[in-house]
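Hello,

Please have it open while you read.

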Amino acid sequence: MENVRTRDRVNKIIMYAILVIMAFIMLVPFVWMILTAVKTNQEAISVSPFYIFPQSGWHWENFAKVWQSYNFIILYKNTLLMIFFRVVCACLTATMAGYAFGRLNFRGKKVMFSLVLIQMMIPSQIFIIPQYLMVSKMGLLNTVSGLVFPGIVTAFGTYLLKTGYQGLPKDLEEAASIDGCNIGQRFLRIMMPLTRSSMVSLGIFTALFAFKDLMWPMIVCTRAETTTLSAGLAKMQGQYGSDYPTMMASAVLAIIPMIVIYIIFQKQFVEGIATSGGKL
Amino acid sequence: MKKQLSAAAKNESRWAWAFIAPTMLGLIVLNFYPAINTVYQSFCKTGDFGRGNVFIGVQNYIEAFGASETWHSIWNTIKYALIEVPFGVCIALILAVFLNKKLKGTSAFRTIFFLPMVCAPAAVAMVWKWLYNQQFGLLNNIFHTKIAWISDPKIAWISIGVIGVWSVIGYNMVLFISGLQEIPGDYYEAAEIDGATGIRQFFHITVPLLSPTTFFIVQTRVIGALTVFDLMFMVMDKTNVALQNTQSIVYLFYTYAFTNGDKGYGATLVVILVAFIMLVTVIMQRAEKKFVFYS
């Protein structure tokens, strides 16, 4: 018995050691990003001696400088608007379609749903050239509408919500139907509120996907004042790649809002990813 | 009675079609038409200044398969996947098993490991590029080395793979944890009574019972890795000497279709990529029947 207890304790110590080392590795890039952001450029590119910490005080004003000189407020605004409209559109269309596929019977259901599944299997890169040409023809290059365009509907979200609706008990709807509610009322008043957790998952997934996307905003919003945080960073790197504190300060500014949101809504984030399992 | 029923069915059908109409319309306009159009364009030469496409048959494909750059990029993409998927999955699995053990502080560890998932890859790649910097970077200065992490063709692909692993561990881990929580505790209790050690429990209970989750993760990660773009684009400059040996096929597609404006040839590359991914998917579906254990 004594042996087992020591064995358990040794196991625990090994596990903690591995976890701590891994956590350290995961955090190094973040820490280094912040430490570089608050240095002067001379300190950042000094090799002998090599500085881990800033020497002439922590230059938090670097953030303010970057904020102003690169018009971060516009990048934030564009990103936020894109995320907002994509989430609203995706949730709205997917919850309607998900309800129909999950709870209603109609001719052509199988064929239509197989189209949804097929879309999920096709890599999205194949859609990009024609999507770009459409946006360009409609004169939506360098607009928020252009950014939102490919995310108006979602096959993945439809599938997710369909699963959510299928999991609800049957008698709820039957009771409402006897009370004289039509299908629209049943959907709006009874069923939709019950799929809140699936909707939250889809919302988080959509927001993260839009936030992280790089190629689409780079293609449709080439002007610095119309683009998103991701694509804006790519632009900055191209122009000011050797001013390291500036680069790191802008990287911090680009990721900080999502990190704050993540830390506040951690449970929803983790559950959302775990239950939806979408490909990010 | 029969008439009434069919009226109800008709009514239901009408509602259903109204509900799916926006999604189906959107999928056709935004996805199905573009997919077909891309395939068509892959047989075309893009006219200058929007003068439309000229049909040239399989010319683009002959050119693409004849270019060593195409084969290089396919091989580079596979190499990237060979690092990101196995390491990303194995490390995540180990971490998930530890975090499932109800140790103290697990939620803090989970928060940290998941952090890269909520960061824009553009920012992540920028930081790693700075860490890898040959002259001023943290890695070379801490270890007193002079390694050209991202411009030496021999190791640049590994360096990029490492960024991929770092980025994806948290996502895989979260999926593993939710898979682990579905394994009934009795299995472990029984094994404990039989005197099986932790490592034996891991290989004889956890691994087989977790195989559906593992398969799902591997499948999504393989497809994700084969379409890698952001990291490569941000880390590898156009002038980097290791570009030929690291650029992925999506990177090559982006260069042709949008930097050089040759949509026809870009479409060809993307069709080749999709065909390749479809092939890999079919192979994985076959493997699923063989290796995955569904209780």
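Helices (H or I, at least four residues) and strands (E, at least two) are DSSP runs, numbered from the N terminus.

Some housekeeping next. This is a predicted model, in which local features need pLDDT of at least 70 and side-chain atom pairs count only at pLDDT 80 or more, while totals for chains, interfaces and linings use all residues. Residues are numbered from 1 along each chain as its sequence is written, and chains are lettered from A and ligands numbered from 1 in the order in which they are written.

**Where the chains meet**

On the chain A side, 73 residues are in contact with 74 residues of chain B. The most on that side comes from helix H1 (residues 2-37) of chain A, which gives 13 residues. Sorted by class, the side of chain A that touches chain B holds 56 nonpolar, 13 polar and 4 charged residues (nonpolar means Ala, Val, Leu, Ile, Met, Phe, Trp, Tyr, Cys and Pro; charged means Asp, Glu, Lys and Arg; the others, Gly among them, are polar).

**Chain B as a whole**

Chain B has 12 helices and 2 strands, and along the sequence they follow the pattern α-β-β-α-α-α-α-α-α-α-α-α-α-α. Its C-alpha atoms fill a box of roughly 85 × 75 × 35 Å along the principal axes. Of the 295 residues in chain B, 43% are buried (20 or more other C-beta atoms within 10 Å of the residue's own; exposed is 12 or fewer, and partly exposed is in between, with C-beta atoms placed from the backbone).

The domain assignment of chain B gives domain 1 (7-55) and domain 2 (68-291); such bounds come from an automatic or database domain assignment. Taken over C-alpha atoms, the centres of these two domains of chain B are 32 Å apart. Their contact takes 8 residues from domain 1 of chain B and 7 residues from domain 2 of chain B. Helix H1 (2-41) and strand S1 (44-46) of chain B each supply at least two residues of the domain 1 side.

**A bent helix in chain B**

Helix H9 (residues 198-226) of chain B spans only 35 Å between its end C-alpha atoms, whereas a straight helix of 29 residues would span 42 Å at 1.5 Å a residue (the expected span is 1.5 Å times one less than the number of residues). In H9(B), a kink of about 60° lies at B:Ser211, shortly before the proline B:Pro212; the bend is the angle between axes fitted to the seven residues ending there and the seven starting there. Buried residues of H9(B) include B:Thr206, B:Leu210 and B:Ile217. Among the elements covering the buried residues of H9(B) are helix H3 (68-99), helix H7 (156-180) and helix H12 (263-291) of chain B.

**Two spots in chain A**

Helix H13 (residues 229-240) of chain A reaches 16 Å from its first C-alpha to its last, close to the 16 Å expected. Its buried residues pack against elements of chain A, including helix H4 (72-103), together with helix H5 (121-132) and helix H10 (230-235) of chain B.

A:Tyr51 sits in the loop between helix H2 (41-44) and helix H3 (61-69) of chain A. Why is A:Tyr51 partly exposed? Because 16 other C-beta atoms lie within 10 Å of A:Tyr51.

Best wishes
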